[in-house]
Amino acid sequence: MPVLEITTNVTVDDTRSLAQQASSLAADMLGKPESYVMVIVNGNADLVFAGTDDPCAHLVLKSLGLPEAETKAYSARLCAFIEQQLGVSPSRTYIEFVSPERSMFGWNNSTF
């Protein structure tokens with residue numbers, strides 16, 4: 001049930017392509033089937049970081065059993081992806097890592 005949400009103040013010309021690439025990245029990074037990955041892209045958002053509206057991004061990666069020991073590596077891969085795709089510097093990117101309890105995430109009329 002990985003969910004990757006990307007919010008940026010950069011105008012994203014092709015959100016579908018960005019979402020598809022991010023979906024593949026998340027599946028590969030987490031070692032989970034892409035059939036369970038959801039990606040949300042919010043481009044051209046009103047986002048200010050360090051007092052300026054220079055290009056910046058906020059990401060949320062949510063996944064059951066997210067291994068805390070891997071978050072540094074995930075951060076590096078996600079920052080590189082955002083820099084390559086959107087031109088946002090890693091120093092202007094925040095990433096939240098969330099690992100909810102199975103009972104706190106619903107799907108298909110139930111929970112995990």
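Colleague: Is Trp107 buried, partly exposed or exposed?
Modeller: This is a predicted model. The relative accessible area of Trp107 is 47%. Buried would need under 20%, and exposed over 50%. Trp107 is therefore partly exposed.

Colleague: Which residues do ring pairs link into a cluster?
Modeller: The whole structure has four aromatic pairs. One of them joins Trp107 and Phe112. The cluster linked by ring pairs is Tyr36, Phe105, Trp107 and Phe112.

Colleague: Is the pair of Phe105 and Phe112 stacked, tilted or edge-to-face?
Modeller: The two ring centres are 6.2 Å apart. Stacked needs planes under 30 degrees apart, and edge-to-face over 60. The planes here are at 50 degrees, so the pair is tilted.

Colleague: And Trp107 with Phe112: how many degrees lie between the planes?
Modeller: Phe112 is partly exposed, at 29% relative accessible area. Its ring centre and that of Trp107 are 5.5 Å apart. The pair counts as stacked, with an angle between the planes of 15 degrees.

Colleague: Which element gives the largest share of the largest nonpolar core?
Modeller: That core has 27 residues. Elements giving two or more residues to this core include strand 1 (3-8), helix 1 (15-30) and helix 2 (71-86). The largest share is eight residues, and they come from helix 1.

Colleague: Which residues beyond four places away in sequence does Leu59 touch?
Modeller: Leu59 is among the residues with the most contacts inside the core. Leu4, Leu78 and Ile82 are also in that group. Leu59 touches Leu4, Glu5, Ile6, Leu78, Ile82, Thr93, Tyr94, Ile95 and Glu96.

Colleague: How many disulfides does the structure hold?
Modeller: A disulfide is a covalent bond between the sulfur atoms of two cysteines. Cys56 is buried at 2% relative accessibility, and Cys79 is buried at 9%. The closest cysteine sulfur to that of Cys56 is in Cys79, 13 Å away, too far for a bond. The number of disulfides is zero.

Colleague: Is Ser63 buried or exposed?
Modeller: Ser63 sits in the loop between strand 3 and helix 2. Its contacts beyond four places in sequence include Met1, Leu30 and Val98. Its relative accessibility is 1%, so Ser63 is buried.

Colleague: What about Gly51, buried or exposed?
Modeller: Gly51 lies in the loop between strand 2 and strand 3. The C-alpha atoms of Gly51 and Ala80 are separated by 23 Å. With a relative accessible area of 71%, Gly51 is exposed.

Conventions: Residues numbered from 1 in each chain as written. Predicted model: local features only at pLDDT ≥ 70, side-chain atom pairs only at ≥ 80, totals over all residues. Heavy atoms only, no water. Core = buried A, V, L, I, M, F, W, Y, C linked by side-chain atoms within 4.5 Å. Buried < 20%, exposed > 50% of the residue type's maximum accessible area, 1.4 Å probe, protein only. Helix = DSSP H or I, 4+ residues; strand = E, 2+ residues; numbered from the N terminus. Contact = heavy atoms within 4.5 Å. Disulfide = S-S within 2.5 Å. Phe/Tyr/Trp six-rings, centres within 6.5 Å; stacked < 30°, edge-to-face > 60°.
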